[in-house]
Each structure stands twice: as C-alpha cells, then as structure tokens.
Amino acid sequence: LDSMWSGGLKSSGAMFGVVAKEDINITAFDFHTTLMGEEGFQYMEVYEKDGSHIGSEQDESSWRIVARNIPVECKGRGEATRISLPSKIQMKQGEVKSIYLTLKGVDALRYTAVVQKMGTVFSENKDLQILVGSGNSYR
C-alpha cells in the first residue's frame with residue numbers, strides 16, 4: 001500500500017497509524033530517503049504500540065521494539081528503500097496500531113507535509129488503512 005513519495009521534509013523517524021480492515025501480517029516497510037551509496041548503509045529500528053501514537057511521541061515506555069539494528073542499503077531520492085522485518089506485526093480486523101520507523105541517529109527519512117489532520121485516513125486498500133502521522137527524531 002503506497003502513501004506519498006514527495007518527501008519535502010526530513011527527520012530520523014516517522015510515526016503513523018495503521019488500521020487492519022482484515023486480519024493481516026505486516027512483514028516489510030518501504031520508505032524514502034535521500035541517502036545512497038557509501039552513506040546509504042544505515043541501521044533502522046522499528047517500534048509498535050496499540051492505538052494511536054498521538055500524545056505518545058516522546059513516551060518511550062509506550063512503545064514495543066519490533067526490530068533493532070536492521071541493516072539498510074538506502075536507495076536514494078525517489079526510490080523505495082525496503083526493510084523486511086525479522087518478525088511480523090500481526091493485526092486482527094479492526095485493530096489500530098501505531099508504527100515508528102527510525103534511522104539510527106541520521107535525519108534522512110523523508111516525509112511529506114499534508115493538510116489532513118493527524119490520525120485521519122491518508123491511504124487505504126482492501127486490507128489496511130494508513131493514518132496521517134508525523135516526523136520524529138530518533139528516540
């Protein structure tokens with residue numbers, strides 16, 4: 001499921017919500033970064049929490065680690081960089097989770113400012129909704 005690839009803003013991480021429209025397993029994420037080549041070898045961490053991330057952006061205790069130190073070979077501007085998760089994120093129909101993707105210590109994850117209110121549906125298909133989120137610095 002695609003979101004937006006404009007990427008006019010950058011941070012080390014992004015938080016966003018997902019709503020399962022069916023039982024689903026999330027096994028990978030694509031993200032956008034300007035890094036590539038030698039500087040494109042980075043490490044990513046992935047966190048999850050039940051419910052909305054709104055109000056929990058700075059509360060580390062509300063997040064569960066999904067994966068630490070995932071090696072990433074960033075593909076550069078306009079190209080999808082994929083990370084595969086070592087363990088899937090399981091969701092039941094109707095469940096809401098928040099996801100935090102973060103590059104460790106480098107402000108190079110690209111995201112786009114939108115007019116929709118944080119927490120509203122940005123993109124969806126028959127399985128999943130992606131909710132408007134926010135850019136956030138590494139932990």
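Modeller: Let us begin with Gly105, which is found in the loop between β7 and β8. This is a predicted model, where local features need pLDDT of at least 70 and side-chain atom pairs count only at pLDDT 80 or more, while totals for chains, interfaces and linings use all residues. Residues are numbered from 1 along each chain as its sequence is written, and side-chain values use heavy atoms, with hydrogens and water left out.

Colleague: Why is Gly105 called exposed?

Modeller: Exposed means over 50% relative accessible area, buried under 20%, and partly exposed in between (1.4 Å probe, protein chains only). Gly105 has a relative accessible area of 64%, so it is exposed.

Colleague: Which strands make up the open sheet, and in what order?

Modeller: The open sheet has 6 strands in the order β5-β4-β7-β2-β10-β9, with antiparallel pairing. Its edge strands are β5 (64-73) and β9 (121-124), as each pairs on one side only. From one strand to the next the twist averages 25°; axes here are lines fitted to C-alpha atoms, for helices over the stretch in contact, and angles run from 0 to 180 degrees between N-to-C directions.

Colleague: What makes β9 and β10 a pair?

Modeller: Two strands pair if DSSP finds at least two bridges between them. β9 and β10 (residues 128-136) have 3 bridges, in the antiparallel sense. Glu124 stands opposite Gln129 in β10, and Ser123 has Ile130 as its bridge partner there.

Colleague: Why is Thr102 called buried?

Modeller: Thr102 has a relative accessible area of 0%, so it is buried. Thr102 sits in strand β7 (residues 96-103).

Colleague: What makes the approach of Thr102 to Tyr100 a polar contact?

Modeller: A polar contact is a pair of N or O atoms within 3.5 Å; within protein, one must be able to donate a hydrogen and the other to accept it, and residues adjacent in sequence count only if both atoms are side-chain atoms. The side chains of Thr102 and Tyr100 make such a contact at 3.5 Å.

Colleague: What makes a group of residues a nonpolar core?

Modeller: The members are buried Ala, Val, Leu, Ile, Met, Phe, Trp, Tyr and Cys residues, joined through side-chain atoms within 4.5 Å. The largest such core has 27 residues, and Phe29, Met44, Val46, Ile83, Leu85 and Leu101 touch the most other members. Elements giving two or more residues to this core include β3 (24-31), β4 (41-50) and β6 (81-91).

Colleague: Which residues is Leu85 in contact with?

Modeller: Contact means heavy atoms within 4.5 Å. Leaving aside neighbours within four places in sequence, Leu85 is in contact with Ile26, Thr27, Ala28, Phe29, Val46, Val66 and Ile70.

Colleague: How do you know that Lys21 and Glu124 meet in a salt bridge?

Modeller: The rule asks for a side-chain nitrogen of Lys or Arg within 4 Å of a carboxyl oxygen of Asp or Glu. The N to O distance for Lys21 and Glu124 is 2.8 Å, and the pair is a salt bridge. Lys21 lies in the loop between β2 and β3 and Glu124 in strand β9, so the pair ties together parts that are 103 residues apart in sequence. Lys21 is at 28% relative accessibility and therefore counts as partly exposed; Glu124, at 41%, also counts as partly exposed.

Colleague: Is Glu45, which forms a salt bridge with Lys104, buried or exposed?

Modeller: Glu45 is at 2% relative accessibility, so it counts as buried. Lys104, at 31%, counts as partly exposed. The closest N and O atoms of Glu45 and Lys104 are 3.8 Å apart.

Colleague: How many salt bridges does the rule give?

Modeller: The count comes to 9 salt bridges.

Definitions and conventions
Helices (H or I, at least four residues) and strands (E, at least two) are DSSP runs, numbered from the N terminus.
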